[in-house]
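Biologist: I am new to this structure. Could you walk me through how to read it?

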Amino acid sequence: MQRAGELVIRRLIGSIPVLLIVLVGTFFLLELASGDAVDAYLVSSGGGDAALVETLRADWGLDQSPITRLGLYLWNIIHLDFGHSVLLNRPILDVVLERLPNTLLLMGSAIALSFGIGSLLGIVAGSRPGSARDRLLSIGSLALYAVPSFWLGLVLVVVFSVQLRWLPLSGIETLASGKAGLHRAWDIFRHLVLPVGALALIYLALYLRLMRAGMVEVWRQDFVLAARAKGLSRRRIVWRHVARNALLPLITMLGLQSATMLGGSVVIESVFSIPGLGRLAQEAVSGRDTPLLMGIIVISAVLVIVTNLIVDVVYALLDPRVGASEASA
Amino acid sequence: MTKFLVSRRTLLSASAALLASTALPRLAFGQDAVKGGRLIVAADSEPRNLNPAIVASNGVFFISSKVIEPLAEASFDGENGLAPRLATAWEGSADGLSATFTLREGVTWHDGKPFTSDDVAFSALQVWKPLQNLGRLVFANLESVDTPDPLTAIFRFSKPTPFQLIRNALPATTSVLPKHLYDGTDIAANPANAQLVGTGPFKFTEYKPGEYYLLSRNETYWGEGEPNLDEILYRVLPDRAAAASALEAEEIQLAAFSAVPLADLDRISKVDGIEVISKGYEGLTYQLVVEINHRTEQLANLKVRQAIAHAIDKKFVVDTIFLGYAKPATGIVPQNAPEFYDASVPQYDFDVDKANALLDEAGYARSADGTRFTLRLLPAPYFNETTQFGAYLRQALAVVGIDAQIANNDSAAHQQAVYTDHAFDIAVAPPVFRGDPAISTAILVRTATAEGVPFSNQGGYSNPAIDKIIDDALVTVDEKARTELYNQFQQAVAEDLPLINVAEWGFITVARTSVHNVSNNPRWAVSNWADTWIDG
């Protein structure tokens with residue numbers, strides 16, 4: 001465990017420059033986009049006059065140079081002050097923390113589901129490579145992987161919400177329903193079925209194919225031959241020897257996925273009207289709300305770093321070779 | 001009940017005229033309004049500032065107009081197209097230096113305090129005039145407001161101010177705020193800008209960002225027996241396809257402001273229990289306009305501008321891009337403003353030969369590859385229709401030898417490119433006509449005084465004759481003379497083409513048939529919905 005502890009500390013220190021690069025990069029990317037928060041606001045509010053434009057720029061601190069604003073922002077971030085969103089007229093930390101649970105719930109469920117089902121199906125496919133069910137699963141999952149998430153989301157909505165009316169159309173829960181406790185949990189579960197399903201179905205293929213490929217590889221190893229020679233049952237060989245050894249790349253993938261899922265949820269959050277971080281980020285970009293976008297990115301980056309850290313620790317625990325080389329390096 | 005009967009009769013006569021179109025407002029004959037229930041409607045945006053007295057825009061009004069009321073609202077059958085709200089009578093003096101408003105008796109704010117002329121005086125002087133995007137112009141010369149008694153407010157102007165303008169601006173610019181919550185505070189940052197307090201039929205109950213706004217019945221509303229609904233829930237649906245599905249799944253009952261895309265209307269109008277209504281936006285006419293940068297050498301030539309006007313097939317635009325839910329424009333004032341509309345202005349019919357001839361005359365002959373010159377075309381991204389028209393315009397201009405290079409930007413980038421940097425040759429814009437040409441139409445062509453102001457003349461156009469008409473109309477008190485000035489204005493614009501008006505449109509409401517009293521005034525989506533009801 002001491003090894004894992006060292007790993008955590010080293011990783012956390014190492015992530016600070018990463019965060020800084022991400023922040024400065026985002027700031028200048030958004031700075032390069034033409035138009036600022038006042039422009040976006042004027043369009044949404046139907047116009048104004050020159051004096052209003054000037055007052056707003058001064059009030060929102062947009063009359064200062066980009067370098068000054070960046071410096072000020074970084075200084076505040078060091079003091080854990082995320083600032084105020086001009087787009088929403090609220091403290092950024094409040095907004096982000098309000099949306100974070102929804103995104104985590106959506107993302108976490110989708111990753112867990114695609115990882116769980118994907119790897120199980122991968123084992124099914126990889127237990128007899130080249131068999132009919134292997135082919136069927138591979139082609140099926142590839143087809144799903146090729147489908148754009150917004151399209152899959154819309155199709156699911158049309159079938160299950162509009163036509164069959166089995167599931168609610170959108171949102172994270174029934175609005176202003178006054179539900180509490182278990183009723184509310186059930187309500188949220190019903191609302192999450194379609195968006196989580198849409199995300200998970202698409203990413204399932206990744207895990208399935210990774211698992212299958214890993215197993216095909218392992219089947220050729222000598223120790224499998226030895227296991228066979230020992231007269232172990234096929235089931236035992238598949239589960240204890242082949243699948244277990246093929247699992248490691250999936251864990252790596254899991255860490256990488258946690259990052260892409262944050263981005264992928266922009267689309268699903270919009271299609272299903274879920275108030276999450278992805279949608280907020282998109283609104284921040286179109287409203288040119290740089291501090292809000294940076295706040296979202298800092299929080300997301302921290303999330304990704306922490307997830308990858310957990311993945312690395314798990315990895316180290318699963319495969320002694322990795323942790324040893326990292327800790328001694 | 002008499003009020004209902006009158007509005008039904010009007011609905012009937014109006015619908016007779018609309019028979020040809022697919023839009024038939026549902027008539028509620030023999031049905032009494034059902035009390036109670038929750039109306040769920042789609043909302044596509046969450047305004048930063050919800051205070052209609054500061055931000056007079058449709059996105060804000062859509063929600064806030066149920067909570068905070070203006071002095072008067074637009075009406076199909078009222079005198080001068082108005083129905084009383086917080087004011088019951090209004091009159092302008094002959095010299096244009098004062099306007100007297102008689103206020104409604106027995107009105108209380110949602111927090112129980114009485115509504116008085118002090119609130120009106122405070123709103124006018126501290127909010128509408130200095131802070132509001134439209135009021136800054138309309139009330140520019142407002143000097144003081146006298147309050148001889150709690151139910152009378154007399155507006156005093158430093159220069160003659162046409163009462164016609166004030167009257168036409170009443171629905172959009174006169175939302176009254178409670179003085180006792182705003183006085184002595186930083187008005188722009190007051191918490192009541194988010195947690196609205198008004199006199200309207202509904203109280204602002206809850207806002208959950210990204211999810212919903214909830215309004216609930218004001219038990220002490222001044223309108224007898226109103227409102228009918230218990231609650232209005234605005235459900236935030238950011239996805240363009242969401243509103244149509246939500247209506248079909250009966251998760252919402254109404255989607256206004258064309259939240260259901262035009263392309264879906266044909267299909268959804270065939271669904272049982274859903275109706276498509278094109279009425280109720282007469283007071284909110286949007287205009288499809290080609291903005292012209294007069295700094296560009298070719299475009300400074302009137303013949304070139306005329307050629308562009310002749311190259312555009314307005315009928316095709318209306319039929320194909322707007323799928324019939326629009327009208328071809330004839331000039332800068334829309335047909336929905338009969339008080340000012342002048343049909344006799346010069347027209348530019350679709351005529352490719354004439355366009356080519358005009359361009360030849362202007363000295364821009366075709367080069368070997370058939371093009372005469374290249375222009376930068378920036379379509380505004382605010383509506384599907386503006387970007388689609390951009391694509392059409394490129395093709396239409398190619399036919400006459402003008403190579404228009406489209407650059408599609410998002411809102412903020414478009415705003416900067418066109419209205420601040422002037423980095424365009426032609427742009428597509430959707431300005432709004434707000435009941436009087438002085439409010440938001442004249443600035444489209446008047447010589448600009450500042451950069452960065454959206455929906456204003458940033459094309460560098462300057463015509464002293466037109467400027468004079470506009471400035472005169474701002475201080476001409478006599479209605480006939482003022483209307484005459486605006487007729488001259490329309491003529492001058494049509495002759496000189498500082499911009500090209502292509503089409504004008506109102507939005508579409510799609511509602512479940514269980515919702516009644518929909519679209520019964522010309523600004524329905526942004527009115528108070530006190531008489532709206534749903535089947536129990």
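Biologist: How many helices and strands does chain B have?

Modeller: In this predicted model, chain B holds 16 helices and 22 strands.

Biologist: Why is chain B called as compact as a globular protein of its length?

Modeller: Compare its radius of gyration with the globule rule. For 536 residues the rule gives 24 Å, and chain B comes to 24 Å, so chain B is as compact as a globular protein of that length. Its C-alpha atoms fill a box of roughly 75 × 55 × 40 Å along the principal axes.

Biologist: What share of chain B is buried?

Modeller: Of its 536 residues, 55% count as buried. Look at contacts too. Take those in chain B with a separation of 6 or more: 70% of them join residues 24 or more positions apart.

Biologist: Where does pLDDT stay under 50 in chain B?

Modeller: Over residues 1–28. The model has 33 contacts beyond four places in sequence for that stretch. Chain B as a whole averages a pLDDT of 90, and 94% of the residues score at least 70. For the model, ipTM is 0.82 and pTM is 0.86.

Biologist: How many residues of chain A are in contact with chain B?

Modeller: In general, interface size is often given as the accessible area lost when the parts come together. Here, we count residues. 42 residues of chain A are in contact with 42 residues of chain B.

Biologist: Which element gives the largest share of chain A's side?

Modeller: That is α2(A), with seven residues. The residues on this side of chain A divide into 20 nonpolar, 14 polar and eight charged.

How values were computed
Residues are numbered from 1 along each chain as its sequence is written. Chains are lettered from A and ligands numbered from 1 in the order in which they are written. This is a predicted model: local features need pLDDT of at least 70, side-chain atom pairs count only at pLDDT 80 or more; totals for chains, interfaces and linings use all residues. Helices (H or I, at least four residues) and strands (E, at least two) are DSSP runs, numbered from the N terminus. The radius of gyration is taken over C-alpha atoms; the globule rule is 2.2 Å times the number of residues to the power 0.38. A residue is buried if 20 or more other C-beta atoms lie within 10 Å of its own, exposed if 12 or fewer, and partly exposed in between; C-beta atoms are placed from the backbone. Two residues are in contact if their C-beta atoms, placed from the backbone, lie within 7 Å. pLDDT is the predictor's confidence in each residue, from 0 to 100. Ala, Val, Leu, Ile, Met, Phe, Trp, Tyr, Cys and Pro count as nonpolar, Asp, Glu, Lys and Arg as charged, and the others, Gly among them, as polar.
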